[in-house]
Amino acid sequence: MTYFPILSFITFLPIVGMIFILFIPKTQATMIKSVTLLITSAQVIAALFILHYYNYSLGGINDPNSFQFMEKFRWIDISGFSWIGRIKIDYFLGIDGISVPLVLLTAIITFIATLSSWTIDKQVKGYFALFLLLDTGMMGVFVALDFFLFYIFWELMLLPMYFLIGIWGGKRREYAAIKFFLYTLFGSIFILLVMIGLYFSTSETLADGTRVFTFNMLAMMNPHNYNQFGILSPLNPNNLRFIAYIFLFIGFAIKIPMFPFHTWLPDAHVEAPTAISVILAGVLLKMGTYGILRVCFPIFPEITRQLVWYIALFGMINIIYGALCAMAQKDFKKLIAYSSISHMGFVLLGMASLNSLGISGAVFQMFNHGTITAMLFLIVGVIYDRAHTREIDAFGGLATQMPIYSGFVALAFFAAIGLPGLSGFVSESFIFLGAFGFGLIRILTVISTLGILLGAGYMLWTLQRVFLGPLKEKWSALSDLTFREYAMFIPLSLIIIFLGVYPSAMLNLMNSSVNSMVKFMADAKVIYSSLSGF
Amino acid sequence: MNTISLEYLVDSLKLIKPEIAVTITLVLLVLVDLIMNKNKKFLPYIFIGGLTVTLYFIIAQYCTSSFAFNISKNLGMVIVDPFGNFFKILIAGSSIIIILFSMLSNEIKDGADRQGEYYVLIAGMILGMFFMVSSADLILIYVSIEMLSLSSYVLAGFDKQAIRNSEASLKYVIYGGISSGIMLFGISILYGLTGSTNLYEINSLVQASQVHGFTYILSGFLIFVAIGFKISAAPFHFWTPDVYEGAPIPITAYLSIASKAAGFALLIRFVKITFIQSVDPNGFWHLLNIIDWKTFIIIISILTMTLGNFAAIWQNNMKRLLAYSSIAHAGYLLLGLAVLSNEGIAAILIYFVIYGFMNLGAFLVVMLISNKLGSEEIDDYDGLGSKAPFLSVSLAIFLVSLTGLPPTAGFIGKLYIFLALVDAKMIVVAVIALLNTVVSLYYYARVLKHMFLSDSTKETPAFTTSISSIVFVALMLAPILIFGIYFTPLVDFAKSSIALMGF
């Protein structure tokens with residue numbers, strides 16, 4: 001294994017690019033775009049390197065020895081007085097089978113989004129600088145293992161996103177941007193609060209034998225690291241872990257977005273420029289579910305077990321509600337946005353099953369949703385660039401006018417519905433198999449399957465209204481895909497088809513980690529019930 | 001009480017070298033102003049020189065812990081301790097920034113022939129604040145507050161031509177006069193009950209007799225009124241928006257940092273020394289059971305931040321917005337005191353350093369913009385992002401830091417306040433404070449919206465900023481970004497400064 005700090009490289013490369021871009025004169029738009037493209041392609045290559053050297057047999061989750069590409073340095077170390085103790089924050093990065101797919105996804109999606117941003121011509125320099133800053137924030141969230149660091153990256157994304165929607169968005173961009181900003185900040189203050197509570201409840205032993213409070217997430221997963229009197233300590237009979245779990249869950253659920261915290265999403269999506277919608281749906285939404293898997297589940301396993309039914313319930317509501325809303329939309333982009341809500345519900349359902357099938361399905365679905373929805377938003381972007389409208393009923397018969405484009409559309413739509421042979425099918429069926437196997441949530445699972453039906457309904461109906469039937473006169477001048485658009489669609493399509501035919505490529509990657517997670521959650525039942533006897 | 005010998009006096013004078021240095025600077029400023037007559041350009045440099053010497057003296061005696069001007073063997077009127085020295089550095093440092101600030105301000109330049117008075121009055125404020133943060137005697141507290149107040153009343157109305165300046169000054173005088181009258185009333189009650197004006201003596205008397213009673217509560221609250229007025233805590237904040245809007249921008253910025261810092265130092269000292277019983281090994285204070293300071297301060301602080309934040313939402317003038325935001329920040333700072341622990345005090349000190357940089361920075365940019373646009377209305381900021389990119393981005397960073405988002409230093413300040421709160425198990429209070437942060441985001445983001453998101457409706461040309469201004473802004477910006485990522489030195493500094501004389 002190499003000792004090259006590849007995770008720091010992949011995380012901070014965009015910041016370096018951003019600083020570089022700030023020194024390029026404003027007029028050199030092409031140069032700015034090329035630098036961004038170069039940076040994001042370097043990121044893809046780095047991600048492939050990680051994939052190549054990744055050891056499939058190590059589990060990760062709560063065991064610091066089986067994380068890979070770890071980097072751990074003392075970042076903040078404040079010698080304390082007797083009353084506050086030493087404050088120690090580590091710069092701690094590492095990945096396991098849960099984060100690898102998402103690191104890969106982030107690299108791919110930002111690369112595609114850069115291509116899609118090529119049409120930006122307003123304040124190019126500012127756009128790409130913010131874009132790269134956002135990139136660092138996203139990548140950082142998936143590789144950070146220290147809660148403090150995780151939180152810094154988590155918040156780092158807010159501001160660039162606010163500006164990217166607010167400056168380069170559509171008509172109601174100001175409203176959408178501030179709504180996004182307020183909602184997500186509202187969520188993250190809860191995360192902050194729980195983070196501080198956990199900090200005062202856990203401690204780890206340093207090499208010199210002193211015990212210090214810690215932000216280390218892996219230390220928080222071990223009940224033996226907790227203090228007797230910490231407010232979030234399972235050893236404390238009057239602990240507030242239940243409330244903290246709800247807070248934390250809401251914090252992450254806003255990002256997913258889970259019903260009833262979803263209302264920011266359609267606004268943000270409709271107003272955001274295409275590339276930002278792609279990032280938003282492709283990567284940002286995954287942070288919510290990733291956070292739940294990485295933080296909520298292993299740090300609060302006993303409460304997770306109590307609440308799985310509710311998690312599955314909200315998953316079900318997301319699936320059905322999102323699908324019904326999607327069906328009612330007249331705006332193409334809004335339809336995709338609501339379908340996103342529906343598809344993220346599957347992830348919640350899969351996680352709630354707490355078995356290997358369900359959790360692999362959930363992680364796999366995160367990746368697949370990332371690629372498929374990214375493609376769907378690109379599709380909307382292509383038609384909007386040409387026709388300057390997104391109203392579904394305004395179109396018709398585009399299949400004859402833009403045959404190649406329609407081919408890609410059909411592929412993406414069928415993948416979203418979950419047609420066998422395409423990647424969405426595998427993850428959705430894993431989720432259903434897993435969730436059905438867990439007796440407690442079986443009924444919810446059965447109801448959730450309706451979502452597939454509804455999904456097929458609105459997708460096919462849209463396909464019919466936009467692409468089939470007679471071509472309307474005014475669209476006879478629309479041209480088919482350009483070279484740049486091929487470059488965006490082809491990689492995504494290949495991934496979708498490849499993972500549909502050969503899903504093991506992705507499933508093997510996450511397998512050991514998912515198994516560790518399942519085992520950890522099962523063991524926790526015994527460990528935590530013995531603790532409550534204190 | 002024995003007669004004070006000359007030796008005693010000399011020993012005491014050695015301990016107040018910083019104050020002496022400020023006094024000499026003040027006299028020097030008056031003399032130079034008279035001698036040089038029309039030529040005022042040396043004044044600020046003399047002032048900065050004097051303050052640098054002052055800073056040297058403060059740092060030289062940083063770790064000293066002693067009384068000066070003793071009334072008996074081990075009690076004195078003036079305290080020299082790291083806590084007081086910390087605030088003296090903060091005050092002297094912000095004063096230097098304000099002087100540089102004033103050199104760039106159009107408002108001050110317009111009153112060129114009265115610049116002598118301007119700097120002398122600032123020196124007077126500094127002297128008042130220095131004694132405020134280090135006094136252990138009710139009389140000295142009162143005198144130093146008056147010294148600070150009288151100078152600042154005049155400075156708030158410095159520009160005689162502007163009506164709003166005079167209005168600000170008059171309002172300030174009226175409110176200030178009443179509040180100091182109330183304080184005097186409180187002091188006289190306390191003196192009547194205990195027969196002493198020295199805080200330490202009062203403390204030991206009260207401890208010994210274990211008194212209770214309404215009169216103690218009344219006197220404590222009455223004294224709090226005047227301090228609450230200085231730190232603009234609700235419900236004594238009504239002067240703040242009017243004075244902040246009316247006064248020249250450098251003075252507004254100065255009031256929002258230095259005079260607030262002095263007020264907080266005084267409040268902490270007064271509460272801790274007068275009412276303390278013991279400090280436990282975890283750093284929590286056990287106060288005498290006379291006044292329930294904890295509940296009282298929690299109520300005041302929640303009221304202050306909520307009022308400040310919600311009122312700020314409706315403001316259209318940038319100075320007024322920052323005035324309300326400074327009220328809200330006073331609320332967060334009060335939470336650090338409400339914890340009643342050493343950790344809370346450390347959090348306040350950390351917050352003050354960061355708050356100093358970000359608030360002064362924000363006012364600085366507002367002033368530079370106002371120099372060019374001639375307006376502080378937020379609506380006039382439309383499209384500023386493309387016209388003055390450097391200033392707009394800087395202002396954005398300062399505002400984001402005021403909101404408390406990482407990776408800016410403002411986050412670290414808030415983090416320490418919340419660490420102290422959670423450690424003291426005051427979870428509900430922490431939740432209220434955090435929700436307040438979300439509210440504050442709305443009005444800070446509104447400024448961002450006008451600068452970057454809205455297109456300009458008026459035809460104003462792009463404007464350039466002088467190199468010196470850019471360097472100055474960049475110097476204010478650097479700590480915000482550096483402390484946001486690496487805050488070890490700052491926290492170490494604050495932690496070594498929480499030692500109050502005697503406890």
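A residue counts as buried if 20 or more other C-beta atoms lie within 10 Å of its own, as exposed if 12 or fewer do, and as partly exposed in between, with C-beta atoms placed from the backbone. Hello everyone, and please keep that definition in mind. What we have here is a predicted model, where local features need pLDDT of at least 70, side-chain atom pairs count only at pLDDT 80 or more, and totals for chains, interfaces and linings use all residues. Residues are numbered from 1 along each chain as its sequence is written, while chains are lettered from A and ligands numbered from 1 in the order in which they are written.

Let's begin with helix 20 of chain A. When I say helix or strand, I mean a DSSP run, H or I of at least four residues for helices and E of at least two for strands, numbered from the N terminus. Which residues of helix 20 of chain A are buried? They are A:E485, A:M488, A:F489, A:L492, A:I495, A:I496, A:L499 and A:G500. If you wonder about the spacing in that list, an α-helix has 3.6 residues a turn, so residues three or four places apart point the same way. The buried residues of helix 20 pack against helix 3 (99–116), helix 14 (356–387), helix 16 (403–417), helix 17 (423–436) and helix 21 (504–531) of chain A. Contact here means that the C-beta atoms of two residues, placed from the backbone, lie within 7 Å.

Now to helix 21 of chain A and its partner, helix 12 (residues 301–327). These two helices of chain A pack at an angle of about 105°, with their axes 8 Å apart. The axes are lines fitted to C-alpha atoms, for helices over the stretch in contact, and angles run from 0 to 180 degrees between N-to-C directions. So helix 12 of chain A is roughly perpendicular to helix 21 of chain A; that label covers 65 to 115 degrees, with under 35 roughly parallel, over 145 roughly antiparallel and the rest oblique. Helix 12 of chain A brings A:P301, A:E302, A:T304 and A:R305 to the contact, and helix 21 of chain A brings A:F520, A:M521, A:A524, A:K525 and A:Y528. By class, the residues of this contact are 5 nonpolar, 1 polar and 3 charged. For those classes, Ala, Val, Leu, Ile, Met, Phe, Trp, Tyr, Cys and Pro are nonpolar, Asp, Glu, Lys and Arg are charged, and the others, Gly among them, are polar.

Next, where do the two chains meet? The contact takes 31 residues from chain A and 30 residues from chain B. On the side of chain A, strand 1 (68–78), helix 5 (147–156), helix 6 (158–168) and helix 7 (173–199) each give two or more residues. Helix 7 of chain A has the largest share of that side, 13 residues. The side of chain A that touches chain B has 24 nonpolar, 3 polar and 4 charged residues.

Let me turn to the core. A nonpolar core is a set of buried Ala, Val, Leu, Ile, Met, Phe, Trp, Tyr and Cys residues joined through C-beta atoms within 7 Å. The largest one has 394 residues, and A:V103, A:A412, B:A262, B:I350 and B:Y351 touch the most other members. Helix 15 (residues 342–373) of chain B gives the most to this core, with 22 residues. Leaving out residues up to four places away in sequence, B:I350 touches B:I412, B:G413, B:Y416, B:L490, B:V491 and B:A494.

Helix 15 of chain B also holds B:N359. Is B:N359 buried or exposed? B:N359 is buried, because 24 other C-beta atoms lie within 10 Å. Apart from neighbours within four places in sequence, B:N359 is in contact with B:A253, B:S256, B:I257 and B:S326.

I'll finish with a few backbone details. A cis peptide bond joins A:I256 and A:P257, with omega about -10°, and A:P257 sits in the loop between helix 9 (241–255) and helix 10 (264–271) of chain A. Another cis peptide bond joins B:P406 and B:P407, with omega about 5°. B:L340 is not a glycine, yet has a positive phi of about 55°.
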